[in-house]
Structure formats: structure tokens, C-alpha cells
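Subject: Handing over the structure

Hello,

I am passing this structure on to you, together with some notes on what I found in it. Have a look first, and then read on.

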Amino acid sequence: MKNVFKPKFFSVLKSGLDRKQISSDILSGIVVGIVALPLAIAFAVASGVSPEKGLITAIVAGFLISLLGGSRVQIGGPTGAFIVIVYGIVEQYGIDGLVISTILAGVILILFGLLKLGALLKYFPHPLVVGFTSGIALVIFSTQIKDALGLPIDKVPSEFHEKWLVYFSNLDQINWIAFSLTAITILITIFSKKITTKLPGSFLAIILITPLVHILKLDVSTIETFFGAIPNNFHITIPSFQWNELQNYIAPAITIALLGGIESLLSAVVSDGMIGGKHRSNTELIAQGIANIITPFFGGIPATGAIARTATNVKNGGRTPISGMVHAITLLLIMLFLGQWAKMIPMSCLAGILMVVAYNMSEWRSFASILKGSYFDTLILLTTFFITVFFDLTLAIEVGVVLSAILFMKRMADISEKRIDDFVDSDLIENYSDLPIALNIYEISGPLFFASARRYSEAIEEIGLTCKVLIIRMRHVSFIDQTGLHNLKDTIKILRNKDITILLSGLNPEVKAKFKKYQLTDLIQEDLIFDSFSGATKKAREILERPPSNYEQNS
């Protein structure tokens with residue numbers, strides 16, 4: 001346990017903190033707390049639970065994830081990805097069923113961490129992740145139509161197609177005031193950055209629209225209409241539970257654990273790239289598990305690392321877990337002293353915020369890019385997407401992983417049947433001792449696909465950060481899939497931001513064509529891609545022999 005569970009917060013304390021960084025973390029935490037306020041309320045309401053449950057989750061889970069997690073800057077709390085799952089569990093099993101499912105999910109996450117399954121993320125192909133993320137985004141968007149249009153529908157069906165049939169049959173009852181507020185919210189959320197970057201657009205929309213609705217007494221639904229007042233306190237709750245019902249909650253718990261683990265590790269990886277750090281994946285999973293075990297007893301819902309809030313934390317100067325804990329404390333103070341005003345927030349305003357969240361989640365650019373790619377990646381993407389939308393997220397992940405494995409075996413079988421007549425980059429150099437000290441070499445052996453992409457990317461980044469020029473030999477890379485392209489592209493961006501020049505050698509025609517198709521040649525110009533290793537080393541020497549100013553311009 002000691003070797004697996006090493007919270008970053010205590011490591012940071014041991015290494016020491018300066019006052020300037022603490023001040024930056026506190027300020028960043030306050031900003032992130034303000035950003036999290038409308039999102040926490042909106043995610044809770046969209047999940048079919050009362051708004052204070054979202055705040056409680058952001059407070060309790062957010063504090064625990066920062067205190068015990070394996071990332072320096074991770075911000076935890078409720079996220080849009082859980083909306084579909086939570087809504088379904090509440091509808092089928094009630095609040096007690098949600099509490100039990102969340103606690104079980106926490107236990108599963110701790111087991112994942114203790115079994116050192118933090119690298120589980122690498123087995124989820126990029127098309128699969130984009131497929132179910134886009135699917136969730138579409139489902140979230142569809143759940144907000146009722147409030148966005150102010151439709152007087154008592155019960156919205158849970159099935160996707162039936163939901164839209166009900167919407168179309170009620171279009172003649174649109175509340176145009178609610179629709180206008182939704183549109184204004186979306187515009188403020190999107191375009192507020194052109195006016196100020198200090199306050200998030202979602203927060204601005206709420207503080208501008210809520211008083212307007214109250215003063216003008218506009219005829220629209222508010223949080224109070226559906227849920228009453230928002231409590232300014234929370235207490236311990238124990239769910240009613242029968243042991244013979246345990247089997248009902250295992251499938252929902254696994255879904256929560258898998259999605260929570262994937263999203264938290266994705267968020268940690270993204271933040272690593274932003275700060276040049278390295279998270280502890282197993283520690284992060286254990287912290288997520290602890291947070292999901294404790295939070296439900298206070299009335300919270302499932303929590304995980306939130307990519308958008310984590311990115312906001314980094315951009316505002318947060319560099320230690322202190323910012324995440326301050327974010328939780330900020331929300332606690334808001335709930336204690338300003339919660340009474342939150343009940344006036346219009347439901348159409350929350351719907352507008354969630355529609356923007358759904359758009360940002362959709363990853364439509366990645367979706368479109370994958371569709372232009374190989375048949376295999378497109379099949380995984382579309383299968384996962386449609387199963388997520390029309391059936392079930394758990395089934396989508398299961399089918400996506402199995403399909404990825406089958407298609408990988410098919411790819412390998414096809415490659416083994418090909419005869420390679422022209423072997424590029426075949427020159428062998430056993431002794432690298434005469435190469436410049438500032439030059440490092442890394443060779444990728446085998447296909448760069450979803451199961452190996454993360455490992456190779458981490459190794460390339462680690463080796464690249466210790467030199468000025470890095471040659472990546474790819475003569476044995478028989479093929480590269482979307483996950484390999486995605487991870488390699490992110491790694492190259494990180495190294496280029498550190499003024500490290502990347503050279504490639506030995507790309508076969510198929511891999512080189514994919515590099516051009518997916519704009520990797522925008523990061524590595526064609527004059528830095530070589531058929532032979534000797535050509536790459538010659539270019540590396542030229543770069544290193546140039547004066548520093550010229551080197552910096554070329555890198």
C-alpha cells in the first residue's frame with residue numbers, strides 16, 4: 001500500500017512551498033470555485049437530483065481528491081459524463097440505489113489502484129473514448145431541450161428516440177421567454193471571453209439573468225419551482241439497503257468506476273502536458289475511490305476529475321493540490337452564505353449552460369477526423385457512439401474494447417501477409433558513443449496502437465526532456481492507429497514547447513501518409529523526416545552545431 005498510495009499533496013509539502021506559489025494556488029482555487037458553482041448545480045439538476053447534491057459533491061469529493069490524489073492540479077467533482085448514468089440509476093433504483101452504487105464504485109476504484117491498474121487507460125483506443133464521449137454529449141444535449149424551450153412536459157421518456165418524439169409533439173407549446181433566456185445564456189457563455197477572462201461565462205450568465213427574471217417576474221421555471229429552497233447545510237445520511245439487492249447495483253457501480261477512472265486519468269494526462277508534470281495514476285484511482293465512498297454519506301453523487309476545471313486551474317496559476325482544496329472551501333462558503341439565492345436560477349439558464357458543456361464534450365473535430373481515417377477506427381467510433389446514444393454506456397465500452405481487440409488481430413494478420421521488399425532505415429549502429437551528448441535516440445519497436453501508445457509516448461517524453469534533439473526511429477512501426485497518432489501528437493507538442501527538435505526516421509509509406517493526413521507534418525516538417533537513420537543523425541549534428549539563436553528559431 002505504501003508503494004502504491006503516495007498523495008502528491010504530502011510530497012509537495014515535503015519538498016517545500018514558497019509564499020508566491022501558495023498565493024497563486026489560493027487565487028486559482030477561488031476562480032475555479034466560481035467556475036464550478038453553476039456547473040455543479042447544473043450537473044445535479046440534469047442528473048435528476050436536487051441542486052445541493054452537486055455542490056456537496058464538489059465540496060467533499062473535490063477536497064478529498066486534491067488532498068489524497070496523485071496529480072498536482074486535478075480538480076474533482078461532478079461531471080457531465082455522469083449525467084446519463086446517474087439519471088438512469090435514480091430512475092430505476094432511487095436515491096438510495098445511487099448512494100449504494102456510488103459507494104461500490106468507490107470500492108472498485110480503490111481495488112483498481114491497489115492492483116496497479118492505473119495504466120488501464122492505455123487499453124481504451126482513442127476512437128472508443130471519442131465515441132462514447134460524443135454519445136454522452138448528444139444525450140446530455142437532448143435532456144436539456146425541455147427546459148431550454150420551456151415545454152410543459154411532466155415526464156420526459158428516458159429512451160433517446162422517444163424523448164425527441166415527445167419534444168416534437170409539444171413544439172406548439174414553446175415558452176418563448178424561456179427560449180430567449182436559453183439563447184442569451186449560450187451567447188454570454190461563449191462570447192464573454194472577449195470581454196473578460198476573469199469570470200467564467202456560465203457564472204456571468206447566472207448573475208445577469210437570475211436577477212432579471214426575479215425583478216421582471218418573468219414566467220419561467222426556476223430551481224425553486226422543481227426542488228424548493230437549496231439547504232445551506234448537509235448531514236450524514238445512511239441509505240436503506242437489503243443484502244439480497246446487492247446484485248442490482250454491481251453493473252451500475254462498474255459503469256461509474258470505469259467512467260470515473262477513465263475520465264480522471266484522462267484529465268490527469270491532459271494536465272501533465274500543461275504543466276510538464278507526471279501524475280501517479282494508481283494513487284489517483286485510490287483517491288477517487290475514497291472520495292466516492294465518503295461523498296454519498298453527505299448526500300453527494302459520483303465524482304471524478306474534471307478536465308475543464310482542471311485546465312482552468314492550470315491556466316490561473318494553480319500548481320499544487322492547495323488550489324483544489326481552496327476550490328472546495330470556496331464552494332462551501334458560497335453554499336453556506338449565498339445558497340438561498342441560488343434557488344432563483346432559471347432552469348432555462350442551466351439548460352443553456354449544459355448545452356455549451358455538451359458541445360465542448362462532443363469533440364466533433366476529433367470525431368470528424370476519425371471518420372476520415374481507416375475503416376477500423378471509423379467502425380469502433382460509430383459503434384461506440386450509437387450504442388451509447390441508443391442503448392447503454394456500459395455496453396458501449398464493453399463492445400468497443402472487444403471490437404478493438406478483434407480489429408487489431410485482423411490488422412496484424414493483414415500485415416503478416418504483406419511482403420516488405422524495400423526495407424527503409426536498415427542501417428545498424430550498435431555504438432552511439434560518438435554521437436553528440438545533446439542528441440538522444442528512441443526506437444519504437446512494433447505497431448503504435450492503442451495498447452502501446454501511452455507507454456511509448458511517456459518514454460519518448462521522458463527521454464526527450466533530457467536533450468536538445470531527439471531522433472525517433474520508426475522502421476519497425478508496421479502501422480499506427482488513431483490512438484497512436486493522438487498520443488504521439490500530444491507528446492511532440494509538449495517537447496516542442498520545451499524547444500526540443502524532433503526528427504523521425506524509417507517511416508514506411510503507410511505511416512508517412514497518415515502523418516500527412518492528420519497534420520503531424522505541421523508539427524514536424526518534411527525536411528525533418530528521413531528514410532535513413534544516417535540522414536537523421538547528419539541533420540541532428542547540423543542543428544546542434546548552429547548558434548543558439550538559429551537553433552531556437554528552427555526548433
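Strands β5 (residues 501–505) and β6 are paired in the parallel sense over two bridges. Two strands count as paired here if DSSP finds at least two bridges between them. Strands are DSSP runs of E with at least two residues, helices are runs of H or I with at least four residues, and both are numbered from the N terminus. Within this pair, Leu504 has Ile529 of β6 as its bridge partner.

Before I go on, a word about the source: this is a predicted model, in which local features need pLDDT of at least 70 and side-chain atom pairs count only at pLDDT 80 or more, while totals for chains, interfaces and linings use all residues. Residues are numbered from 1 along each chain as its sequence is written, and side-chain values use heavy atoms, with hydrogens and water left out.

**The sheet**

The two strands above belong to an open sheet of four, in the order β3-β4-β5-β6, with parallel pairing. Its edge strands are β3 (439–443) and β6 (529–530), each of which pairs on one side only.

Five bridges connect β3 and β4 in the parallel sense, and Asn440 has Leu470 in β4 as its bridge partner. On to the next pair: β4 and β5 also run parallel and are joined by five bridges, with Val469 opposite Thr501 in β5. Between these two strands the chain crosses through helix α20 (residues 482–497), and this β-α-β crossover is right-handed. The term means that, with the strands pointing away from the viewer, the path from the first strand over the helix to the second runs clockwise.

How covered is β4? Five of its five residues are buried, where buried means under 20% relative accessible area, exposed means over 50% and partly exposed lies in between (1.4 Å probe, protein chains only). Val469, Ile471 and Arg473 are buried on one side of β4, and Leu470 and Ile472 are buried on the other.

A contact means heavy atoms within 4.5 Å. The axes are lines fitted to C-alpha atoms, for helices over the stretch in contact, and angles run from 0 to 180 degrees between N-to-C directions.

Helix α22 (residues 533–545) also packs on the sheet, touching β3, β4, β5 and β6, and its direction makes about 170° with that of β4. Thr537 has its place in α22. With a relative accessible area of 9%, Thr537 is buried. Not counting residues up to four places away in sequence, Thr537 touches Leu435 and Ile471.

**Salt bridges**

How many salt bridges are there? The count comes to seven, taking a salt bridge as a side-chain nitrogen of Lys or Arg within 4 Å of a carboxyl oxygen of Asp or Glu. One of them joins Glu462 and Lys278, at 3.8 Å from N to O. This pair links distant parts of the chain, 184 residues apart: Glu462 is in helix α19, and Lys278 is in the loop between α11 (246–275) and α12 (281–294). Glu462 counts as exposed because its relative accessibility is 52%, and Lys278 is exposed with a relative accessible area of 53%.

Another one joins Asp147 and Lys146, at 3.5 Å from N to O, and both of these residues are buried.

Helix α15 (residues 347–361) has 15 residues and reaches 21 Å from its first C-alpha to its last, close to the 21 Å expected at 1.5 Å a residue. That expected span is 1.5 Å times one less than the number of residues. Most of α15 is covered, with 13 of its 15 residues buried. After α15 comes Glu363, whose phi is positive, near 50°.

Val86 is found in helix α4 (residues 83–114). At 0% relative accessibility, Val86 counts as buried. Leaving aside neighbours within four places in sequence, Val86 is in contact with Ser47, Val49, Leu98 and Pro302.

Enjoy exploring it!

Best wishes
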